[in-house]
Amino acid sequence: MSNVISIQTKRGKVILKIEEANQAEIISELKMKMPELKSLYQEDSTPILVTGRVFKNREMEEIKSVIQEVLEVDVQFDIPKLGLHGIKKSFSRDIATSETRFHRGSLRSGQKIEFEGSLVILGDVNAGAEVLAGENIVVLGILRGMAHAGAQGNKEAIIAAASIESPQIRIANIVKEIERSEFEEQIKICAYVDESGEVVLE
């Protein structure tokens, strides 16, 4: 088995770097490396930072469980900044990791796509089409149809597109009606729920 896990200490943290591999290989090697990890601690309560790749929620929980069976320490995950994170601009909120489905091609009027995680549409969403997601919605083209993110009540979800030109979008149970003048004056690329509970377009 290849060496997919490396351990180092840096700035008061123990860094656990995990390369691309399947979860079974990662867990197997992590269990073998636990004595080495434990030797760095003794009486120390230094947090462990897991980095190197994007993990699904269940994978993070499994890694955390293996570590905390041996060490009573705080386990943190450093999610790599992917290109799409740039859409958030200066937003301070973090978007939780979720299962993501990719749809290749544009959605025509009358088409509807639903998914309980996040949806990425590799094309346009035309007027009369509908996109519903339990988490985030990212459209690489123009969003003219109806988009409903956080459909199961997640107000942390966002809607992002090259240009948002829909008459209406929804995040959780909050509806945002968009006047045509709003997107004609300036391109809107992201929608999120602000601290006052309103959907904001930027």
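User: What share of the residues in the protein chain is buried?

Analyst: Buried means under 20% relative accessible area. In this predicted model, buried residues make up 44% of the 202 residues in the chain. The accessible surface comes to about 11,200 Å², and carbon and sulfur atoms hold 45% of that area.

User: How many helices and strands does the chain have?

Analyst: There are 3 helices and 15 strands. As for contacts with a separation of 6 or more, 37% of them link residues 24 or more positions apart.

User: Which strands pair with β9?

Analyst: One is β7, which runs parallel to β9 over 3 bridges; here L119 has I137 of β9 as its bridge partner. Another is β11, residues 159-164, also parallel and joined to β9 by 5 bridges. There, L143 stands opposite I164 of β11.

User: Where do side chains point in a strand?

Analyst: In a regular strand they alternate between the two faces of the sheet.

User: Back to β7, then. Where is L122, and is it buried or partly exposed?

Analyst: L122 sits in β7, which spans residues 118-122. Its relative accessible area is 34%, so L122 counts as partly exposed.

User: Which residues form a nonpolar patch with L122 on the surface?

Analyst: F102 and L140 do. Together with L122, they have about 280 Å² of accessible area.

Technical notes. Residues are numbered from 1 along each chain as its sequence is written. This is a predicted model: local features need pLDDT of at least 70, side-chain atom pairs count only at pLDDT 80 or more; totals for chains, interfaces and linings use all residues. Side-chain values use heavy atoms; hydrogens and water are left out. Patches are made of residues with over 30% relative accessible area and no salt bridge: like charges are joined within 9 Å, nonpolar side chains (Val, Leu, Ile, Met, Phe, Trp, Tyr) within 5 Å. Accessible areas come from the Shrake-Rupley method with a 1.4 Å probe; for residues, only the protein chains shown count as cover. A salt bridge is a side-chain nitrogen of Lys or Arg within 4 Å of a carboxyl oxygen of Asp or Glu. Helices (H or I, at least four residues) and strands (E, at least two) are DSSP runs, numbered from the N terminus. Buried means under 20% relative accessible area, exposed over 50%, partly exposed in between (1.4 Å probe, protein chains only). Contact means heavy atoms within 4.5 Å. Two strands pair if DSSP finds at least two bridges between them.
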